[in-house]
Amino acid sequence: MEKFVIMGGRKLAGTIRVSGAKNAALPILAATLLTGTVSVLHEVPLLKDVRCMLELLQYLGAKVTVQGKTVTIDTSTATSQRVSEDLMRKMRASNLVLGPLLSRFHCAKVSYPGGCAIGSRPMDLHLKGFRQMGAEITEKYGYIMARVPGGLRGAEIHLDFPSVGATENIMMAAVLARGRTIIRNPAREPEIVDLQNYLNLAGAKIKGAGTDVIKIDGVEELKPVEHTIIPDRIEAGTHMVAAAVTRGDVTLTNVIPEHLEAVTAKLREAGVTVETGDDWIRVRGGGELRAVDIKTLPYPGFPTDMQAQMMVLAAVARGTSIISESIFENRFKHVDELRRMGADIKIEGRVAVVKGVSHLSGAYLEASDLRAGAALVIAGLAAEDVTVIENIEHIDRGYENLEHKYSALGARIIRVNGGERYFDKR
Ligand code: UD1
């Protein structure tokens, strides 16, 4: 089992290049199935979840070539419409192949992706949309079987909640459907806009991603496409908080500052200096940090994927912060670990009351999920003494070479395999 060992208390300083967005790459990789031809994708982050999606595409018959950050996928050879349970269970986002398979092959059988550490992750909104487009869906023995003899037809779909995955899955299903599909109350995340851009380059007719209504006019077929994945706003946000809590001075490149407005606003409110340019952000955290209240919301609100990281800042800020999690029911798993470091946090339902303390102390910690794990790394960087984080495979799901990036900024962080000798040395 690999661990991170961090000697905290060093200011991060320097420049860091942000990778391509995991949450844009995953749906676009799933969408390559729709095209039945070649897609060349640049800036693909080669992290665990992405490798898992590439494996899934290969399992379905696609040819995949990886050269640096460029991935070429030929789905003309993909003919399978069934995904095995072990592949589906490896990663929640595997459910995104259902829309493309149904649209292209008119039938699909995938295992239910199952629960997840941060709360139940149902697919009812995805399936409701497919049903409105004419699909017959049966859920049995943990599998979802969907068929639509004659192909999907356009429909007017109102999402009860702006689910990111449901919006993406329905958008993809609609690309090869007959007629027009209208999605009302869709998710407006930048990753949805990136999916639209990729699909339109391939010949799809989609308008409105990023707004309250998405309109898709079905087309007969798609063509080869080359596309560059947008930068990862959550990775960028994580580094911004890391710079702030270590009182550092970090410049991020390959970012779209507009995608980070909610995070930037909260950091400024906390007393952090944030400067932005066209494609860079500089964060300086020298002064005293002040408490901030946060409520997670769908984009453009404050992202749930940044809640855990911001709680680390709140833990060492002056005053009391109220942090409300409104997207996922079980997303406070980092709280017990932060308490081990000396944080003063109380949970009342979906609200965390965080009373700032003067400093955090190194501790032996466990990462429970991706963003909680990232938060613990940030806490370890800011804390006094040594922090050890176990179960870092969760962090590898969403961050490329995190320890190398932070080492380049002056942090002392290493990856070790097994043994507890580093901690025992204290
Ligand atoms: C995506 C992101 C994830 C992020 C989340 C919210 C990817 C690969 N993952 O996940 O990092 O945290 O958006 O910004 O892009 N829901 C239902 N029924 C459904 C679908 C969702 O009730 O059919 C609920 C979920 O239980 C959850 C909420 O809606 O409470 C948000 O889920 P959703 O927006 O779908 O998130 P994901 O697409 O799974």
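## A pair of facing residues

T181 stands opposite I216 in β13. The strands involved are β11 (residues 180-184) and β13 (residues 213-217), which pair in the antiparallel sense over five bridges. Two strands count as paired if DSSP finds at least two bridges between them. Strands are DSSP runs of E with at least two residues, helices are runs of H or I with at least four, and both are numbered from the N terminus.

## Basis of the model

This is a predicted model, in which local features need pLDDT of at least 70 and side-chain atom pairs count only at pLDDT 80 or more, while totals for chains, interfaces and linings use all residues. Residues are numbered from 1 along each chain as its sequence is written, and side-chain values use heavy atoms, without hydrogens and water.

## The sheet and its helices

An open sheet of four strands has the order β10-β11-β13-β12, with mixed pairing. Its edge strands, β10 (156-158) and β12 (205-207), each pair on one side only. From one strand to the next, the twist averages 15°.

Helix α6 (residues 164-175) lies across β10, β11, β12 and β13 and runs at about 25° to β13. Helix α7 (residues 190-201) lies across β12 and β13, at about 150° to β12. Angles run from 0 to 180 degrees between N-to-C directions, with axes fitted to C-alpha atoms, for helices over the stretch in contact (heavy atoms within 4.5 Å).

## The whole protein

The protein contains 15 helices and 24 strands. Along its principal axes, the C-alpha trace spans about 65 × 45 × 40 Å. Buried residues (under 20% relative accessible area, 1.4 Å probe, protein chains only) make up 57% of the 426 residues.

Methods:
Buried means under 20% relative accessible area, exposed over 50%, partly exposed in between (1.4 Å probe, protein chains only).
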